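Work through the exercises below with the sequence and the 3D structure open. Try each task before reading its solution.

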Amino acid sequence: MNVLFEKIDRIVIAKLNRPKALNALNSELMHELISGLLEYDKSPEIGCIIITGNKKAFCAGADIKEMAEKDFTAMFNEDYFGYWEIFSRIKTPIIAAVNGYAFGGGCELAMMCDIIYASENAQFGQPEIKLGVIPGIGGTQRLTKLVGKSKAMEIILTGKTINAEEAEKIGLITQVLPKENFTKQIIKKAHLIASYSKTALKAAKEATNQALESSLKDGIVFERKLFHSLFHTQNQTEGMSAFLEKRTPNFN
Ligand code: HXC
């Protein structure tokens, strides 16, 4: 098993499990991760997913051993890593919990998640340039949107490593958390998210992501339509009634 899934109440932890290769992303791991996530995404019970690695590595990138054997024809015909696009169809909120290295495809995987928490010892980078290639799972695009062109260019063109503190400062990640009880702190945050209406969470994720895809005018119309549609849900009635009745909402 290249990925271990653990369900705790309304959350799921997907732990990358190739420690000897620092959780490098090979095709098997990618398929296991994505097919597992798609299953949990369908479940109305699951309100938040955490993707994590181990203390040394979140993920050291795409598997260089697997890629080294391929030529252009193989990469092109297999549409190597094209399968990752399915990841962005997952509607459940996803948190990346980054300990240790998040390099290359590992940094790109983190950026595909909705929130990135890093422990104090996490390190980020896009070192592909040192291998004679460039990021290939969205790194040039997502990093630029997150940190701006100037910072992204420096990271991608030099292959430099940045620490967790700097990653938070430039807006690559959400927050650095103390390394003690790192996973526990994130599980608590995931439980909070998962306690809300799943339909509202999915709508919130979709609308927020739309900000990266459309003009402000179109994005606002998109958001308003989703907002209106939530008035079809029992959880909207429950959430608003609970507020007025001064009680905790009980979302289904
Ligand atoms: C395959 C990897 C790997 C990787 C590490 N390993 N990273 N195997 N693919 N990306 C393996 C090593 O070969 C080694 O295996 C074992 O993990 C431990 O790694 P070490 O190098 O011995 O550990 P350490 O000295 O602590 O150095 C850690 C490291 C270094 C700094 C993270 O491993 C490293 O630089 N890794 C490569 C990082 C990288 O370039 N990532 C980008 C990949 S390209 P053995 O068998 O020797 O014990 C990419 C492109 C994405 O991601 C786009 C795809 C389309």
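**Exercise 1.** Find the angle at which helix α5 (residues 139-147) and helix α6 (residues 149-158) pack, and the distance between their axes.

Solution. Step 1: the axes are lines fitted to C-alpha atoms over the stretch in contact, with angles from 0 to 180 degrees between N-to-C directions. Helices are DSSP runs of H or I with at least four residues, strands are runs of E with at least two, and both are numbered from the N terminus. Step 2: α5 and α6 pack at about 140 degrees, and their axes are 7 Å apart. Step 3: this makes α5 oblique to α6; angles under 35 degrees count as roughly parallel, over 145 as roughly antiparallel, 65 to 115 as roughly perpendicular and the rest as oblique. Step 4: on the α5 side, Gly-139, Thr-140, Leu-143, Thr-144 and Val-147 meet Lys-149, Lys-151, Ala-152, Ile-155 and Ile-156 of α6, where contact means heavy atoms within 4.5 Å. Step 5: sorted by class, the contact of α5 with α6 has five nonpolar, three polar and two charged residues. Here Ala, Val, Leu, Ile, Met, Phe, Trp, Tyr, Cys and Pro count as nonpolar, Asp, Glu, Lys and Arg as charged, and the others, Gly among them, as polar.

The model is predicted: local features need pLDDT of at least 70, side-chain atom pairs count only at pLDDT 80 or more, and totals for chains, interfaces and linings use all residues. Residues are numbered from 1 along each chain as its sequence is written, and side-chain values use heavy atoms, with hydrogens and water left out.

**Exercise 2.** Describe how helix α9 (residues 198-210) packs with helix α10 (residues 216-229).

Solution. Step 1: the angle between α9 and α10 is about 170 degrees, with the axes 9 Å apart. Step 2: α9 is therefore roughly antiparallel to α10. Step 3: Ala-203, Glu-206, Ala-207 and Gln-210 of α9 make the contact with Gly-219, Phe-222, Glu-223 and Leu-226 of α10. Step 4: by class, the contact of α9 with α10 has four nonpolar, two polar and two charged residues.

**Exercise 3.** State how many residues of helix α4 (residues 105-112) are buried.

Solution. Step 1: buried means under 20% relative accessible area, exposed over 50% and partly exposed in between (1.4 Å probe, protein chains only). Step 2: eight of the eight residues of α4 are buried, so the helix is largely enclosed by the rest of the structure. Step 3: the buried residues include Cys-107, Glu-108 and Met-112.

**Exercise 4.** Classify the ring pair of Phe-72 and Phe-76.

Solution. Step 1: rings of Phe, Tyr and Trp (its six-membered ring) pair if their centres lie within 6.5 Å; planes under 30 degrees apart count as stacked, over 60 as edge-to-face and the rest as tilted. Step 2: by this rule there are seven aromatic pairs. Step 3: Phe-72 and Phe-76 are stacked, at 5.3 Å centre to centre and 25 degrees between the planes. Step 4: Phe-72 and Phe-76 are four residues apart in helix α3 (residues 72-78), so about one helical turn separates them. Step 5: Phe-72 is exposed at 62% relative accessibility, and Phe-76 is exposed at 58%.

**Exercise 5.** Is Asp-9 buried or exposed?

Solution. Step 1: Asp-9 lies in the loop between β1 (3-8) and β2 (11-16). Step 2: its relative accessible area is 57%, so Asp-9 is exposed. Step 3: Asp-9 also has a positive phi of about 50 degrees, although it is not a glycine.
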